[in-house]
Amino acid sequence: MTYQAPTVQAPSLAPALDRVWRLPGVYRPQADTALLAAALSREVVPGSDVLDVGTGSGALALYASRLGGHVEAVDISWRALAVTRVNALRGGHSIEVHRRDIRRPGRRAGGRTYDVVVSNPPYVPAGRAAAAHRAERAWNAGPDGRQVVEALCTASARLLRPGGVLLMVHSALCGPQATVDQLAALGLSARVGARTRVPLGPVLRSRLPWLRARGLLAAADDEEELVVIRAERR
């Protein structure tokens, strides 16, 4: 039987997340960030080794550091990395910041493993008409929204130490059960840990005809469901 997490009210964005400094083209913390931060608060304890994948503004990395974690933040965007470094300095946090594509481990990763891997990856389904603008890399994730989600699932099997936890937020539009099934096939214990509904944002509203033509949104839908996937390495 598929586990169904109860739908919760979308948590408010804490001032500490909302007030991060950003440059244009770097993802702004919003409802998915807040939902993931709430899940993170239940997993990170002082001394936890935490990896924030696709850190963007660094909001979640800073939050994990406030919880007492030893945090490494990675992204493929030089602009995002610069923003994260500035936000860490402004907040007085010691955070490792590296440019890394999670799909290509490279030698820099060095086989390092973590107690918690957290990620708010790009997950919005995008047709061919979607522009490849710098900012859109923060949310566009291919026709089914799973290009980065699936890569992160695969990577989590080598990034987590025994007992380590992956926390990933994404839209119900890109298949939460497919994510749970993929993680289970990799040997992780996975489930939907939390879910909430939020009004459609500007990105989804801008591509409503395409999403409805593909059957991803019904004509009456004016909200999006967000889920947090929790997976633990046995």
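Author: H2 (residues 31-40) and H3 (residues 59-66) pack at an angle of about 25° with their axes 10 Å apart, and they are therefore roughly parallel to each other. Axes here are lines fitted to C-alpha atoms, for helices over the stretch in contact, and angles run from 0 to 180 degrees between N-to-C directions. Angles under 35 degrees count as roughly parallel, over 145 as roughly antiparallel, 65 to 115 as roughly perpendicular, and the rest as oblique. The helices (H or I, at least four residues) and strands (E, at least two) are DSSP runs numbered from the N terminus.

This is a predicted model, in which local features need pLDDT of at least 70 and side-chain atom pairs count only at pLDDT 80 or more, while totals for chains, interfaces and linings use all residues. Residues are numbered from 1 along each chain as its sequence is written, and side-chain values use heavy atoms, with hydrogens and water left out.

The crossing of H2 and H3 is right-handed; a crossing is called left-handed if the near helix is turned anticlockwise from the far one by less than a right angle, and right-handed if clockwise. From H2, the residues Thr33, Leu36, Ala37 and Leu40 meet Ala59, Leu60, Tyr63 and Ala64 of H3, where contact means heavy atoms within 4.5 Å. Sorted by class, this contact of H2 with H3 has seven nonpolar, one polar and no charged residues. In this sorting Ala, Val, Leu, Ile, Met, Phe, Trp, Tyr, Cys and Pro count as nonpolar, Asp, Glu, Lys and Arg as charged, and the others, Gly among them, as polar.

The buried residues of H2 are Asp32, Thr33, Ala34, Leu35, Leu36, Ala37, Ala39 and Leu40.

Several of these names return when we turn to Asn120, which lies in the loop between S4 and H6 and is buried, with a relative accessible area of 12%. Not counting residues up to four places away in sequence, Asn120 touches Asp32, Thr33 and Leu36, among others, as well as Leu60. The C-alpha atoms of Asn120 and Gly56 are separated by 8.9 Å, although these residues are 64 residues apart along the chain.

Ser119 has its place in strand S4 and is likewise buried, with a relative accessible area of 1%. With residues up to four places away in sequence again left out, Ser119 touches Leu36, Val53, Leu152, Leu167, Met168 and Val169. Of these, Leu152 is one of the buried residues of H6, and the buried residues of H6 pack against strand S4 (114-119), strand S1 (49-53), strand S5 (160-171), H7 and strand S6 (188-199).

To place this part in the whole, the protein has nine helices and seven strands, and 48% of its 234 residues count as buried. Among contacts between residues at least 6 apart in sequence, 70% join residues at least 24 apart.

Conventions
Buried < 20%, exposed > 50% of the residue type's maximum accessible area, 1.4 Å probe, protein only.
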